[in-house]
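Here is a quick tour for anyone meeting this structure for the first time. Have a look at it, then read on.

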Amino acid sequence: MTPQELSDFALELPEAFDDEAFGPGAAVFKVEGKVFAILQDPSEERPAQVTLKCEPDLALHLREQYAAVEPGYHVNKRHWNTVVLNGTVPVEEVREMVEHSYDRVVSGLPKATRDRLRLLRAA
């Protein structure tokens, strides 16, 4: 998955938006002001990577399954994974990780907001 494909997919989720809250080179995707993905541009040293919220047991499983999935970069490593976008993780798996991250963030929002976002997602 390319960084542009990931960005396009993340922005398709209900009420998702991006900004550069951490400065240039890192697109921060949010829902209701809460971060669900941080997409870092590639550099000379490394390919692009995305940091995603994840249920702790699933985070460990994904790290065991894919070498490109690492503990979250500059975040709580128990609840976040960083995925190196080098083509070794299947596109559908990356999409599922983005959706899972979004859902984890939505699940922590007030009930009325959760219900509204879930209705929008189901539509």
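Is Asp-19 buried or partly exposed? Asp-19 counts as partly exposed, because its relative accessibility is 26%. Keep in mind that this is a predicted model.

Asp-19 has a partner: Lys-30 forms a salt bridge with it, and the closest N and O atoms are 3.5 Å apart. The pair links distant parts of the chain, with Lys-30 in strand S2 (residues 26–31) and Asp-19 in strand S1 (residues 16–19), 11 residues apart. Lys-30 counts as buried, because its relative accessibility is 15%.

## Arg-121 and its two partners

Arg-121 is partly exposed at 29% relative accessibility, and Glu-99 is partly exposed at 27%.

Arg-121 also forms a salt bridge with Asp-103, with the closest N and O atoms 2.3 Å apart. Asp-103 sits in helix H3 and Arg-121 in helix H4, so this pair ties together parts that are 18 residues apart in sequence. Asp-103 is partly exposed too, with a relative accessible area of 35%.

## The wider count

In total, the structure has six salt bridges.

## One cavity

The structure holds one cavity of 30 Å³ or more, and the largest cavity has a volume of about 30 Å³. Its lining includes Met-1, Val-84, Leu-85 and Asn-86. By class, that lining has five nonpolar, three polar and no charged residues.

Definitions and conventions
Residues are numbered from 1 along each chain as its sequence is written. This is a predicted model: local features need pLDDT of at least 70, side-chain atom pairs count only at pLDDT 80 or more; totals for chains, interfaces and linings use all residues. Side-chain values use heavy atoms; hydrogens and water are left out. On a 1 Å grid over the protein atoms alone, a cavity is a set of points where a 1.4 Å probe fits but cannot get out, and a pocket is an open set with protein on both sides within 12 Å along at least five of seven lines; lining residues have an atom within 4 Å of a point. Grid points are joined across faces, edges and corners, and a volume is the space filled by probe spheres set on the points. Ala, Val, Leu, Ile, Met, Phe, Trp, Tyr, Cys and Pro count as nonpolar, Asp, Glu, Lys and Arg as charged, and the others, Gly among them, as polar. A salt bridge is a side-chain nitrogen of Lys or Arg within 4 Å of a carboxyl oxygen of Asp or Glu. Helices (H or I, at least four residues) and strands (E, at least two) are DSSP runs, numbered from the N terminus. Buried means under 20% relative accessible area, exposed over 50%, partly exposed in between (1.4 Å probe, protein chains only).
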